[in-house]
Structure formats: C-alpha cells, structure tokens
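Subject: Structure for your review

Dear colleague,

Please find below the structure that I am handing over to you, followed by an account of what was found in it.

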Amino acid sequence: MKCRNAWVTLATNDTYSLGALVLAHSLKKVKTAFNLVILITPNVTHAMRGTLQSIFDEIKEVDVMDSGDVENLRLLARPELGITFTKLHCWKLTQYEKCVFLDADTLVLQNCDELFEREEFSAAPDVGWPDCFNSGVFVFKPSEETYKNLIDFAITHGSFDGGDQGLLNMFFADWATGNPNKRLPFLYNLSSAAIYSYLPAFKKFGKGVKIVHFISNSKPWLQPFNSVTKTVQTTVDSTHLTDFLQYWWNLFCSAVHPKLS
Ligand code: UDP
Ligand code: MN
C-alpha cells in the first residue's frame, strides 16, 4: 500500500546528513508506520547518498538556485533566502497527503505517529519567543499552491530573522492566536536550551519528551566524542542534555557509523 504520510528532513551537506541518518534510525527504532524522505542539495556527496538510500524511502535532490524555474529566477534577487528556500521545497512533496518536517538536528525518543492527525500548520513554541513557533518540527500539507504562495511571500516580505523560522511565522501568522490544536505540546520539540533555562520544569515533565531538538551549538556531531569509551565528552554542564547527546551517539555508533563508506 502506498504511504500517504511522510517524515521529511533536509541536509545541504554531509555533516547535516549525519544528523539526518541518526534521526531516521531514531524513527525506525520507535517503529513509525510512515515513510522517511530527505531533501538534499547537489553538494551532498555520492558516498553519502548511498548511505542515505539505505534508510530513507525517498531522497529528493532540490536545487537552490540553478534549476531555472520562475520562482528560482525571482529568488536570485534575494540570495540571502537560499537556505530558507531549500526548506520550503518540502511543500512540493505532493505525492503525500500530510507530512511532518523534522530538522536534521532533532532526535525522536518515542513514537509520534499521532502528529499526522494534526492539521497544517502545527508547531511547538520557540523557547526564545513563545508567541512564535519553532520551525524545527512542523506538520504541513504538501501543495504546489502553498509553495508558490510561500515563495511570493518570501520575495515580497523577506524573513525577519533571515531564516525559514521568521518567514514561516509571518506566513502562518495566526498560529499563536488561532486554532489551539495547531499549538503542539513543547514535548514534541523540546529545545536543548530549555533543559538548563527551566530545569525544574524539565525534571517534572521531561520524562514525556517525544522529540529533542539540539538547537544552535548543542549539535551532537559538534561535541567531542571518545571513541574508546564510546562516551560523549560534552562541555555542556547538564547531565540531562548529556543523556540525550549520548543516545544520539549510541545510535550513530551502532547504526550509522558501520554504514558509512
Ligand atoms: N540545514 C542544512 N544545512 C545547513 C544548515 C541547516 O541542511 O548548513 C538544515 C538542517 O536540516 C537543519 C535545519 O536546516 O537542521 C535548520 O538549521 P539548524 O538546525 O542548524 O538551526 P537551529 O535549529 O540550530 O536554529
Ligand atoms: Mn535545528
């Protein structure tokens, strides 16, 4: 049976591909019923594509600036929106009815297949400004029309933070005040920063975490790792965050590293 739902991630280089590979294995480990799709750009190496193929159901190459279609030509006037534009390509996956986008620096800890019961546009609050959503995890409905509207919007208004999060928050502007079902619980996008900014809340509610998001410089692949003891030697002074980083590295060592060529 053809799958109508898919998890979608993005990697523009081999480093973020490592994150995507661990993410994919974390989804398999919680036995998701849905397809895994990755958007990549041309500079992801041939060897890495081979590894990605072993776990993702679909790899879609998206070309940021050169493909020559009308939207791309118009975006050439706004080169700063390049990476943002790349994420927007997920709306073109119209072979799927509904999808959930996950940043390559997220890690799934419990089965979250119920997210596909939510509507576009559902996302969780951002820790820096909770009236904005964080664009690392979101439920969306692929549509050529929405894609075109997003590109038009990007060209006209730009992005207030220079990235996809600013753009998407302006486009889906009623997120904070509209349908409350579109406001996902924070446990679906637990920002690594929240663990130390509100430790008592993490201690009270953290057991329910479903997806952890290693924002900014807490990226697992940037942490020193001792390959003899197989432990992450992180400098972040939070044992809770260290546990999540260690889980990422455990998956990397057991499932990803043996498949890298
Ligand atoms: N990304 C990428 N290459 C880059 C930067 C970002 O592929 O050079 C993708 C990747 O999926 C990443 C997402 O865009 O998870 C958003 O960027 P990032 O997670 O670094 O931002 P943060 O969550 O730290 O704000
Ligand atoms: Mn991220």
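A residue counts as buried if 20 or more other C-beta atoms lie within 10 Å of its own. Ala123 has 28 other C-beta atoms within 10 Å, and is therefore buried. Please bear in mind throughout that this is a predicted model.

Ala123 belongs to strand E6. Leaving aside its neighbours within four places in sequence, Ala123 is in contact with Phe133, Asn134, Ser135, Val137, Phe138, Trp175 and Leu184. Gln110, by comparison, is 13 residues from Ala123 in sequence, and the two C-alpha atoms are 17 Å apart in space.

The nonpolar core

In soluble globular proteins, nonpolar side chains tend to be buried together. Here the largest nonpolar core has 73 residues. Val8, Val22, Leu23, Cys90 and Cys99 are those with the most contacts inside that core. For Cys90, the residues touched are Val8, Leu39, Cys99, Phe101 and Phe140, not counting residues up to four places away in sequence.

Helix H1 and its partners

Helix H1 (residues 14–29) meets two helices that I wish to describe, H9 and H2.

The axes of H1 and helix H9 (residues 239–256) come within 9 Å of each other and cross at roughly 90 degrees. H1 is therefore roughly perpendicular to H9. On the H1 side the contact involves Leu18, Leu21, Val22, His25 and Ser26, and on the H9 side Trp248, Leu251, Phe252, Ala255 and Val256. By class, the residues of this contact of H1 with H9 are eight nonpolar, two polar and no charged.

With helix H2 (residues 46–53), the axis of H1 comes within 11 Å, and the crossing angle is roughly 10 degrees. H1 is therefore roughly parallel to H2. Asp14, Ser17 and Leu21 in H1 meet Met48, Thr51 and Leu52 in H2. The contact of H1 with H2 comprises three nonpolar, two polar and one charged residues.

Which residues come nearest to ligand 1? Of the 13 residues around ligand 1, these are Leu10, Thr12, Tyr16, Asp103 and Ala104. Strand E1 (residues 5–11) gives the most to the shell, with three residues. Six residues of the shell are nonpolar, five are polar and two are charged.

Backbone geometry

Most residues other than glycine have a negative phi, and most peptide bonds are trans.

The peptide bond from Glu120 to Phe121 is cis, with omega near 0 degrees. Phe121 lies in the loop between strand E5 (106–108) and strand E6 (122–125).

Lys31 has a positive phi, near 60 degrees, and is a residue other than glycine. Its loop runs between H1 and strand E2 (35–40). Is Lys31 buried or exposed? With 8 other C-beta atoms within 10 Å, Lys31 is exposed.

Lys230 likewise has a positive phi of about 60 degrees although it is not a glycine. Lys230 is placed in the loop between strand E10 (225–226) and strand E11 (231–232). Because 13 other C-beta atoms lie within 10 Å, Lys230 is partly exposed.

Two further residues

Ser143 sits in the loop between strand E7 (133–140) and helix H5 (144–157). There are 15 C-beta neighbours inside 10 Å, so Ser143 counts as partly exposed. Leaving aside neighbours within four places in sequence, Ser143 is in contact with Trp91 and Thr94. Glu61 is 82 residues from Ser143 in sequence and 18 Å away in space, C-alpha to C-alpha.

Phe171 is found in helix H6 (residues 164–171). Phe171 has 18 C-beta neighbours inside 10 Å and therefore counts as partly exposed. Not counting residues up to four places away in sequence, Phe171 touches Leu150 and Phe153. The C-alpha atoms of Phe171 and Pro258 are separated by 42 Å, the two residues being 87 residues apart along the chain.

Yours sincerely

How values were computed
Residues numbered from 1 in each chain as written. Chains lettered and ligands numbered in written order. Predicted model: local features only at pLDDT ≥ 70, side-chain atom pairs only at ≥ 80, totals over all residues. Axes fitted to C-alpha atoms, helices over the stretch in contact; angles between N-to-C directions. Helix = DSSP H or I, 4+ residues; strand = E, 2+ residues; numbered from the N terminus. Parallel < 35°, antiparallel > 145°, perpendicular 65-115°, else oblique. Contact = placed C-beta atoms within 7 Å. Nonpolar A, V, L, I, M, F, W, Y, C, P; charged D, E, K, R; others polar. Near = placed C-beta within 6 Å. Core = buried A, V, L, I, M, F, W, Y, C linked by C-beta atoms within 7 Å. Buried ≥ 20, exposed ≤ 12 C-beta atoms within 10 Å, placed from the backbone.
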